Protein chains: 2
Amino acid sequence: MADQAKPKKQLHLAAFMRPVSLHSGAWRYPGAYPDANFNLSHLKSFIQKLEAAKFDAFFMADHLAVLNMPVEALKRSHTVTSFEPFTLLSALSQVTTHIGLAATASTTYDEPYHVARRFASLDHLSGGRAAWNIVTTGNPETALNFSLDEHVEHAERYKRAREFYDVVTGLWDSFADDAFMRDQETGVFFDPGRLHTLNHKGENFKVKGPLNIARPVQGWPVIVQAGQSEPGKQLAAETAEAVFCAPRDLESAKALYADIKGRVEAAGRKREHLKLLPAVFIVVGDTVEDAKEKRLKVDSLVHHETAIASLSVALGQDASKFDPDSPLPDLDILDTNASKTGRAGVIKLAKEEWLTVRQLAGRYGGYSGLSFVGTPETIADEMATWLEEEAADGFTVVSPFLPEGLDAITDKLVPELQRRGLFRKEYKGTTLREHLGLPRPKNRFFE
Amino acid sequence: MADQAKPKKQLHLAAFMRPVSLHSGAWRYPGAYPDANFNLSHLKSFIQKLEAAKFDAFFMADHLAVLNMPVEALKRSHTVTSFEPFTLLSALSQVTTHIGLAATASTTYDEPYHVARRFASLDHLSGGRAAWNIVTTGNPETALNFSLDEHVEHAERYKRAREFYDVVTGLWDSFADDAFMRDQETGVFFDPGRLHTLNHKGENFKVKGPLNIARPVQGWPVIVQAGQSEPGKQLAAETAEAVFCAPRDLESAKALYADIKGRVEAAGRKREHLKLLPAVFIVVGDTVEDAKEKRLKVDSLVHHETAIASLSVALGQDASKFDPDSPLPDLDILDTNASKTGRAGVIKLAKEEWLTVRQLAGRYGGYSGLSFVGTPETIADEMATWLEEEAADGFTVVSPFLPEGLDAITDKLVPELQRRGLFRKEYKGTTLREHLGLPRPKNRFFE
């Protein structure tokens, strides 16, 4: 049958990591490594597990400031400190061979020459596995660490980001792929006719070039984006090859997928040259109940004060006045400062999962984004649906706690996906572009 | 005897590296790896040899631009391209265990928050082996890659450097060494009373802090400096713990040593807390003649046009008019634009070594700084003299060509130094500070 001859669509999987998980209670989970922020051996074991499971990429979360929160919450947060991503991923490149290495670099608080150079270098060091997550940096605290009095305004950040991208990719194209003949006999190291000096002069940057690094193994490292604002989506459509988005549910993901893929086509690109990988928090259990219990457990490890503060933000009113061990009272009649959608989401969640105020607070203080919680089979079903219904090309997987939660994903969920033919059993290539099925960009200055 | 009880002074050795050597003809030397700029396996073998020889540190040369030279010279230069040092050294940290890792970061074209963060991260990743070579960046081409129209003026660069240093070291002290209790039971990750927010407001920078990284393993990574201008020497005396200087000979090195050590004391520091490590180009042969021949050989591999241009600069006049295969004519009666000292140096060198114009040009086009060329015994004699006469605390060793020239240093010269008790046979500690005999800096904000 013709249907059988057609290769089945497959998922792409990236891991969205913080050394001790993105969940703020995870460092207290039984068996967790609370010292992982500065214990490289744990990070080596995590990335090696992900590579053994054939993940496309390992993405390390990043911030250019200590997150701004009240000291009572801050002192309980493992986010205050971590390795810097370039140094970390370069080190991890030496203990892995295939998995992609994605790092964030800010277009607001860095220089295109530096960024072009570091990603090119990581791409060379890793044999073509680097990816640049373009961020404009949303955290206003960052400005204060970079000699500014206030954060750069949103639209301005996105204009600067677009030009920053042009400069960086132009610098990557400084040398033709065949520029270096290194002829020991004649003494000619490279062909100057295969070197392009960028001479960029724009609104935000003047960068002469050329970059002092040979063209990256992948041509350009893979371009990643996460923004979901209007300018964020437009920047992604024009430049990104993978998008780590954060839809709330299947329906909003389908709308986002159609929106972004449409913009990709409108920008003159092929739909399949941008992979939409929604972030999803995954808890695997032996039964659905077991998985739900694990989740309640990790949520319960968020300190109640911190948790209730997060819930109050989500509700737009002080949640500490409610009985923590009762269900959320009917709020429809109360005034609120929160957006209707946000507040409705909280109420829906509380009802669907029969959560007490305490449990709901743990959810908002822990990780409140999209989640798949169940058995390998139920989660594989959900993933297949998302792929089939064009809500996703794969996922950016958030482990609920480490190492146990990650082990369950790599050792239980991934084999189920592989059994169904939804995920690779072996890497076919060696570069991240090959894993993601992305073309190697042509050099804009040379054939 | 009391003399025997006193521990003998020992040399410190750092390697000053470019992937295919600092000598511009070295990539053509028999057995050289011209692809080493992007072949990590060669760099791994170099650093592992240096570590087996118990070197203190591996220092990677760096530039923030393609070096400015005429295209005919540029096309013959392997300096156009290389790994970026942070990514490179982070990768190499995973294939070594003891050797120090020194990288350059510019105080003119980077941000203190970024620099503090990357060095702290490299220090954590490597178990306390990072060193920061503070440079103000002398190459005017760099400005054009960082949205400036012209290079920042010299005195201004040094004022900025001094403040940059204060901010970076202040950020490294953001957390007390014992700030992190990570108590899973109580849920307290760190003690906010052991966190200091810098709130730096200076002439050049406003940096709030704190840094989002725990205090480095070494307290602060080792501070390195190379400048020899007046403000350079002063900055070194106030801040540096190792100085990669470039004196021309023993006498000028002694003067520089006395000058800098005096300034160190005047700045209220201990003399021995700054190690002076002059850069020296070392060619080891089976005989002195053999070593000299090797040097002539590598010098001869610099293309004559490039070489003669370098000689012309050194002489202050066009050297292409001289017969390349005759000795340098008597120049005392000729007009020259070169400094008298520089020109006298060329003439002295030509006479001492009986060099033809072609050979002299190869020297200036290749590497014309301080050199020790001879057998393991004669070079060890020279090193002992420099140590004894307080011209150096050790050396920053430049390999003439790789791998052969490096192998001769690690396999022949180092054992001779060890036999004489001038160099360690085993590492005593694990951090670069321990190798260099430097104290761990106290946190300025916490006991």
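Where in chain B is B:Trp354 found?

Reply: This is a predicted model, in which local features need pLDDT of at least 70, side-chain atom pairs count only at pLDDT 80 or more, and totals for chains, interfaces and linings use all residues. Residues are numbered from 1 along each chain as its sequence is written, chains are lettered from A and ligands numbered from 1 in the order in which they are written, and side-chain values use heavy atoms, with hydrogens and water left out.

B:Trp354 is found in the loop between helix 11 and helix 12 of chain B. Helices (H or I, at least four residues) and strands (E, at least two) are DSSP runs, numbered from the N terminus. B:Trp354 has a positive phi of about 50°, although it is not a glycine. Its relative accessible area is 76%, so it is exposed. The classes run as follows: buried is under 20% relative accessible area, exposed is over 50%, and partly exposed is in between (1.4 Å probe, protein chains only).

The side chain of B:Glu353 meets that of B:Arg363 in a salt bridge, at 3.2 Å from N to O. A salt bridge here is a side-chain nitrogen of Lys or Arg within 4 Å of a carboxyl oxygen of Asp or Glu. B:Arg363 is buried, at 3% relative accessible area. B:Glu353 is partly exposed, at 33%.

Another pair in chain B links distant parts of the chain. B:Asp286 and B:Lys412 form a salt bridge at 3.7 Å, N to O. B:Asp286 sits in the loop between strand 12 (279-284) and helix 9 (288-300), B:Lys412 in helix 14 (residues 404-419), and the two are 126 residues apart. B:Asp286 is exposed, at 60%. B:Lys412 is partly exposed, at 42%.

Backbone next. B:Arg182 also has a positive phi, about 45°, and is not a glycine. B:Arg182 lies in strand 5 (residues 180-183) of chain B. It is partly exposed, with a relative accessible area of 28%. A cis peptide bond joins B:Gly209 and B:Pro210, with omega of about -5°. B:Pro210 is in the loop between strand 8 (206-207) and strand 9 (222-225) of chain B.

Now the two chains together. Chain B can be laid on chain A with an RMSD of 0.0 Å, by a turn of 180° and a shift of 0.0 Å along the axis. The two copies are thus related as by a two-fold rotation axis. For this, copies are superposed by least squares on the C-alpha atoms of residues with pLDDT of at least 70 in both. Of the residues of chain B, B:Ala91 comes closest to the axis, at 2.2 Å (C-alpha).

Chain A shows the sheet. Ten strands form an open sheet with parallel pairing, in the order 11-10-9-4-3-2-1-14-12-13. Two strands pair if DSSP finds at least two bridges between them. Strand 11 (275-276) and strand 13 (371-374) of chain A stand at the edges, each with a single partner strand, so one side of each is left without a neighbour in the sheet. Four bridges join strand 1 (residues 12-17) to strand 14 (residues 394-398) of chain A.
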